[in-house]
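Subject: Structure handover

Hello,

My notes on what was found follow it.

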Amino acid sequence: MGEDPERDIDEIIQEMDYIPGHFHLELNLNFEPFQGERLRRRDTKLKRESLQLEADAGAQRFAVRNLLGVFAFYLDEYRGAEEIFSSVCQEEPGNLNALANLGYVYDRLQKEAQAAECLERLSQLMAGEEGGETESLRSLRAARCLAEQAYASFFDVGLQSEEEHATKLSTAIRLYDKALLYGKNMVRQRLDGILMNKDPYASKRLLFINKSLVLLREVLKSDSAQYRGALTWCYLGMTLERMDIFPDTPMAVHDCGFSGTDPLDCYGQAIETAKTDPFILNRLAKVFHFLGKQDMATGICNMALNMLPDPGTNWQAYSTRAKINIKLYTQGLERVKMGHSGVPDRQLLNKAKADLDLILSVCPCLKTYLDMGQVCYYMGVDAVQELQLVDENALNNALVFFAKAMELDLGDTLPEIQLLRGKCLQVKGEEHNAVECFKQAIELDDVGSQYSETFRCLIELLLSLFIQEKSSEEMVIREVEIWVEKAEAKYQMERVRQELHSICRNHMPKI
């Protein structure tokens, strides 16, 4: 790049406006794990599995594949990482991140000559030493590099608190903003994250909402592909639905020509745009499911399945529809626990089970076994009194599905499996086995986790064993002291206090 070899490398880096590659970014992936190597590998593999569903998603495919290469590297799959980065370089020779990442892997593999070639090629591209290149092409290359790095922030590991998620989100937004300055609206990366922001106060959110509307208008004006067009209409509807948090309508709504635009019309346009492609419909269904629009999500899943009913090809539609029905059932359970009238519709469980059966017949996997076990658990217990047995055969089926899940890679590292196993065993009357499952679940939970239900289940069960005279007072007191201390180290302190208060309130006569 024409730099003086005598100059300090740190000085050169400080002068660079951006640095290609992922291995220097402030991602938790690039630092020593604080939750232990085993749990870090679990989280990394789970993130990779979710990311692989995006691998062929249009213009963002190189951002996805670069990140898949990073995951492979940190799972010690160096050859696999090399193959991923090499394939990106072959398909898009100007991909700066892939070149930098490939050079990093070559360096780890002690392939010094190849690493030097990557560095030289990277230097030429960044300096614009390619013959006949225009400034706009170099700027677009830089914009794509920054957008790919921003995308990586959404898939970082070890994020527990809202503050941590907010920090990563802010970093991503800054990188996207920088990419847009380079790209002058030529960036084709998906800008989902710009729609979400960390600040609950309307005055702070206004800037992000305005930027979102401007970006969405630009995408709608462009000759965007069907995939981007459908998602853009969907995100526009999401953004316009948030207008009621402001005392006055943001001026960007009027400036961008969205005055009086109904969010439902945007959602309808999104569905209309995607109606001939079942895979885009699947993506929309997942977004609507996330937004809590379950009826709309179910309808979109049905549209996708009407076009492509084969579970081997379109298993995602069956999976999303099953998740919707499970969510609707669990929401019904929560309403019952809050004292509202009525009971959840158990037909929702039958529908979820039917969809999951189809998936298991063609592509059994860890998550599907877990979902099926959860459905069978709910089938086996009473909707109002969860500790009351209704169908022991269903509980036995749930335990079988959990056992199958635990046979698969990562299956023995998921705390939710141990929690559900413990619940099944407790209802069956195997309290001591249930205690051991709850303990395992707590051990497997991430530090800082907000999901402290397992702790409550364990303490309540220990209390129940004492009341039933199945455990001595000394043993129960010792166990409670041990696991309260462990919980304080594992969960947020406020969550631990809330669980203890709940236990005391609900079991005061027994205590």
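Which residues does H289 touch, not counting residues up to four places away in sequence? In this predicted model, they are Q294, A297, K323, I324 and K327. H289 itself sits in helix α13 (residues 278-290). Its relative accessible area is 19%, and the cut-off for buried is under 20%, so H289 counts as buried.

Salt bridges

The whole structure contains 30 salt bridges. One of them joins the side chains of K45 and D409, at 3.1 Å from N to O. K45 belongs to helix α2 (residues 37-52), while D409 is in the loop between α18 (392-407) and α19 (415-427); the two are 364 residues apart, so this pair links distant parts of the chain. K45 is buried, with a relative accessible area of 17%.

E82 and K111 form another salt bridge, with their closest N and O atoms 3.2 Å apart. Because E82 lies in helix α4 (residues 78-91) and K111 in the loop between α5 (96-108) and α6 (112-127), the pair ties together parts 29 residues apart in sequence. E82 is buried, at 13% relative accessible area.

E218 and R217 also meet through their side chains, at 3.3 Å from N to O. E218 is partly exposed at 23%, and R217 is partly exposed at 25%.

Helix packing

Helix α21 (residues 453-467) packs against helix α23 (residues 493-506) at about 35°, with the axes 10 Å apart. The crossing is right-handed. By class, the contact has five nonpolar, one polar and four charged residues.

Regards

How values were computed
Residues numbered from 1 in each chain as written. Predicted model: local features only at pLDDT ≥ 70, side-chain atom pairs only at ≥ 80, totals over all residues. Heavy atoms only, no water. Axes fitted to C-alpha atoms, helices over the stretch in contact; angles between N-to-C directions. Helix = DSSP H or I, 4+ residues; strand = E, 2+ residues; numbered from the N terminus. Left-handed = near helix turned anticlockwise from the far one by under 90°. Nonpolar A, V, L, I, M, F, W, Y, C, P; charged D, E, K, R; others polar. Buried < 20%, exposed > 50% of the residue type's maximum accessible area, 1.4 Å probe, protein only. Contact = heavy atoms within 4.5 Å. Salt bridge = Lys/Arg side-chain N within 4 Å of Asp/Glu carboxyl O.
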